[in-house]
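Keep the structure open as you read.

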Amino acid sequence: MKAKGKPKAAFDLKVFLSKTNGGRTKADYGENQVIFSQGDPAEAIYYIHKGKVKLGVVSTQGKEAVVAILGAGDFFGEGCLAGQPLRMGNAVAMSECSVMRIEKTDVVRVLHEEPTFSEAFVAHLLSRNIRIEEDLVDQLFNSSEKRLARVLLLLANFGKEGTPQTVIPKISQETLAGIIGTTRSRVSFFMNRFRKLGFIHYNGGLQIHSSLLNVVLHD
């Protein structure tokens, strides 16, 4: 009679995303440190354990557009899974970050073998797609003041599971202007207005109050 082999251990998503091996490496990045640059080979995806990461694209004229700002629990760099040979944009740490790099071959294998990972990854992609659609609607129909309020609330994790992170990482007005598609002077004007109305204040960092939602909800 053939002996039974040892049963396969249950897949643990948290362990997979935290434990390093040949295909998974973890690295810490300081503020403004580049994780990957536009034009680099696209050979891996990344998972954020801690901190904020800015994704951007630089035009041939040198102008940068901020595509997204991501936080803990987010993946990025997944274009490599769709056959993207080179990075279409850059990824830069906005604060101290801890990021896991997962080689493309490792990701493809686990997507095929582990339904738990596949479900989590598909949920991430759907969430990202919804966010992109919301950003497009925001850009087309809302004022720059509302767009700025929405970005600040998203940076503070309002609307996500868990407690909002009311003090957000340092972010320049130039970066905020690039995200919402306006000028730095307009951002400065609106930030001063938000501060005077008590929606935000500066105390060792930029603190966002839930009352800022009034700007987004007001017609």
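Is Arg-109 buried, partly exposed or exposed? Arg-109 is partly exposed, with a relative accessible area of 36%. Keep in mind throughout that this is a predicted model.

## The overall picture

Start by zooming out. The protein chain has seven helices and 11 strands, and its C-alpha trace spans about 80 × 40 × 35 Å along the principal axes. There are 219 residues in the chain, and 39% of them count as buried.

An α-helix has 3.6 residues a turn, so residues three or four places apart point the same way.

Asp-106 counts as buried at 8% relative accessibility, whereas Arg-109 is partly exposed at 36%.

## Salt bridges between elements

The structure holds 11 salt bridges in total. One of them pairs Lys-54 with Glu-64, with 3.8 Å between the closest N and O atoms. Lys-54 belongs to strand 4 (residues 53-58) and Glu-64 to strand 5 (residues 64-70), so this pair ties together parts that are 10 residues apart in sequence. On the lysine side, the relative accessible area is 13%, so Lys-54 is buried. Glu-64 has 34% relative accessibility and therefore counts as partly exposed.

Another salt bridge runs between Glu-134 and Arg-150, whose closest N and O atoms are 3.5 Å apart. This pair links distant parts of the chain, with Glu-134 in helix 3 and Arg-150 in helix 4, 16 residues apart. Glu-134 is partly exposed, with a relative accessible area of 42%, while Arg-150 is buried at 14%.

Which residues make the nonpolar surface patch of about 460 Å²? They are Leu-136, Val-137, Leu-140 and Phe-141. Take Leu-140 as an example: it is found in helix 3 (residues 115-141). With 58% relative accessibility, Leu-140 counts as exposed, because the cut-off for that is over 50%.

## Helix 6 and what covers it

Helix 6 (residues 184-196) is worth a look of its own. It has 13 residues and reaches 18 Å from its first C-alpha to its last, close to the 18 Å expected at 1.5 Å a residue.

Which residues of helix 6 are buried? The list is Val-187, Ser-188, Phe-190, Met-191 and Phe-194. Their cover includes helix 4, helix 5 (173-180), strand 10 (200-202), strand 11 (206-208) and helix 7 (213-217). After helix 6 comes Gly-198, which has a positive phi near 85°.

## Two asparagines with positive phi

Most residues other than glycine have a negative phi. Asn-32 has a positive one, near 70°. You'll find Asn-32 in the loop between strand 1 (24-29) and strand 2 (34-36), and at 57% relative accessibility it counts as exposed.

Asn-157 also has a positive phi, near 65°. This asparagine lies in the loop between helix 4 (144-155) and strand 9 (167-168). Is Asn-157 buried or exposed? At 16% relative accessibility, Asn-157 counts as buried.

Definitions and conventions: Residues numbered from 1 in each chain as written. Predicted model: local features only at pLDDT ≥ 70, side-chain atom pairs only at ≥ 80, totals over all residues. Heavy atoms only, no water. Helix = DSSP H or I, 4+ residues; strand = E, 2+ residues; numbered from the N terminus. Buried < 20%, exposed > 50% of the residue type's maximum accessible area, 1.4 Å probe, protein only. Expected span 1.5 Å × (residues − 1). Contact = heavy atoms within 4.5 Å. Patch = residues over 30% accessible without salt bridge, like charges linked within 9 Å, V, L, I, M, F, W, Y side chains within 5 Å. Areas by Shrake-Rupley, 256 points an atom, 1.4 Å probe, with all protein chains shown as cover. Salt bridge = Lys/Arg side-chain N within 4 Å of Asp/Glu carboxyl O.
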